[in-house]
Amino acid sequence: MNISIVQAMIDAIDKPAIFINHQYVIEAVNQPYRNTYPVDIIPGKSQCFKVSHGNTKPCDQCGESCPIQQCKDTGRTASVVHIHTTKSGQSYCDILMRPVHDANGDLLGYLEILDKLAFASNYPTKGKMIGESAAFKAMLNKINRAAKSDIAVLLQGETGTGKELVSHALHTSSHRAEKPFVVIECTGLADTLFESELFGYEKGAFTGAQSNKKGLVDAAQGGTLFFDEIGDVPLTMQVKLLRLFETQTYRPVGSVQVKKADFRLVCASHKDLKSLVEKGEFRQDLYYRIAGFPIHLPPLRERQSDIELLCSHMLHELPSKKRLHKSTIEMLTNYTYPGNIRELKNIVEQAYLLADENVIYPTDLPELVSEPTVHTNERVLTLEAAEAKYLEKVVAKHEGSIDTLANALGVSQRTLYRKLQSLGLKVKG
Ligand SMILES: Nc1ncnc2c1ncn2[C@@H]1O[C@H](COP(=O)(O)OP(=O)(O)OP(=O)(O)O)[C@@H](O)[C@H]1O
């Protein structure tokens, strides 16, 4: 293999790139790669895992997936998201690893090309997406791939999973980053309002239209248009959206002139759009138009290992420094978060305000976090046992008479008395 030709090819790549041999040794390196890492790279000597991770062994022997190993296993190009130790600290990198063969099909080595992911971090950083779980890294990989093209992206995930944040990351890492990012909130907009907001209107188009007004499609010219909760768009408007997306043209309300639109489309929904299509509530043709590249945002309960890091990030944003006690972290990790990251943020902020000291204890957490939740495959309590547990808890807290407690529980005083007696419980008041 002629190394000077390999070096010339590596130099022609704009992104950080290296050529690696079978023994993980870097044979050729370009300047952007050298500029990324704090160590001196010696071609023919430096090993990739030492340079990027400071490790003494390949990544797969350190508990991380190794893209070279993946290439060896499949014989094909591999891609993974790793956290690298760069000149600017720990940084998310999307790695593309490509096996290179000669004319006889013999493997010469591996070409590695890097993309630094500026929108994510594995330590508290303002304005970035935070996480380090496998589900989070898989999502980052998809975001980075989609950001590089103009394909229509559909973000699907429960409320509070970060759809708006991801839509913004898609915009800032795209070639449209310098152009506008415009959000269209689709929930609760009546048909007429939706059309005039989106397409704008001409003077005199309807009562109150005293001058021409530009619409949001115009405002997003050259940039990204983000339709939040697209599943809430009424059927009558869906056909107009489809026309806009297919033809990239539209007509302001009251105008005869057709205008040309230029935007990258990103949509989000917490609803399962496919099932809306089956029920006839969402047009199938529109679904396929917007779902060019679907990205699933994992709920927080599937990213449990990120909870502690997210809490540190959220506490970092608050004025005085407080930390979570170990038992508080344990309790937060076991909760199921129907409101996902937004709910975690509220919980952390409430606990921060309630904590008298600079350590946040479980007693500072809202009550619902400590309530028993039923996980899949978890041992289910009998209703009788659950009732006993609940009564024990409310009796311990209740300050008034048995009469007021019976009222609050919606049972007669006699029924409550009987239940408490069988459990050996007594109301204080
Ligand atoms: N990975 C993350 N790291 C840090 N903060 C996050 C992350 N993901 C989401 N958040 C925060 O969680 C909150 C909810 O995020 P966002 O509004 O993007 O969710 P959403 O899925 O669009 O919610 P909804 O469906 O209710 O509109 C925001 O305050 C956001 O900054």
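Trainee: Which elements of the protein chain have the lowest and the highest mean pLDDT?
Mentor: Helix H16 (residues 383–397) has the lowest, at 76, and strand E8 (residues 153–156) the highest, at 98, where pLDDT is the predictor's confidence in each residue, from 0 to 100, and helices (H or I, at least four residues) and strands (E, at least two) are DSSP runs numbered from the N terminus. This is a predicted model, in which local features need pLDDT of at least 70 and side-chain atom pairs count only at pLDDT 80 or more, while totals for chains, interfaces and linings use all residues. Residues are numbered from 1 along each chain as its sequence is written.

Trainee: And what does the protein chain average?
Mentor: The average pLDDT is 90, with 97% of the residues scoring at least 70, and for the complex the predictor gives an ipTM of 0.98 and a pTM of 0.81.

Trainee: Switching to the ligand, which residues come nearest?
Mentor: Ile130, Thr159, Gly162, Lys163 and Glu164 do, out of 17 residues around the ligand, a residue being near if its C-beta atom, placed from the backbone, lies within 6 Å of the molecule.

Trainee: Why does the ligand lie between domains 2 and 3?
Mentor: Because domain 2 (129–296) and domain 3 (301–370) both give residues to its shell, with the bounds coming from an automatic or database domain assignment.
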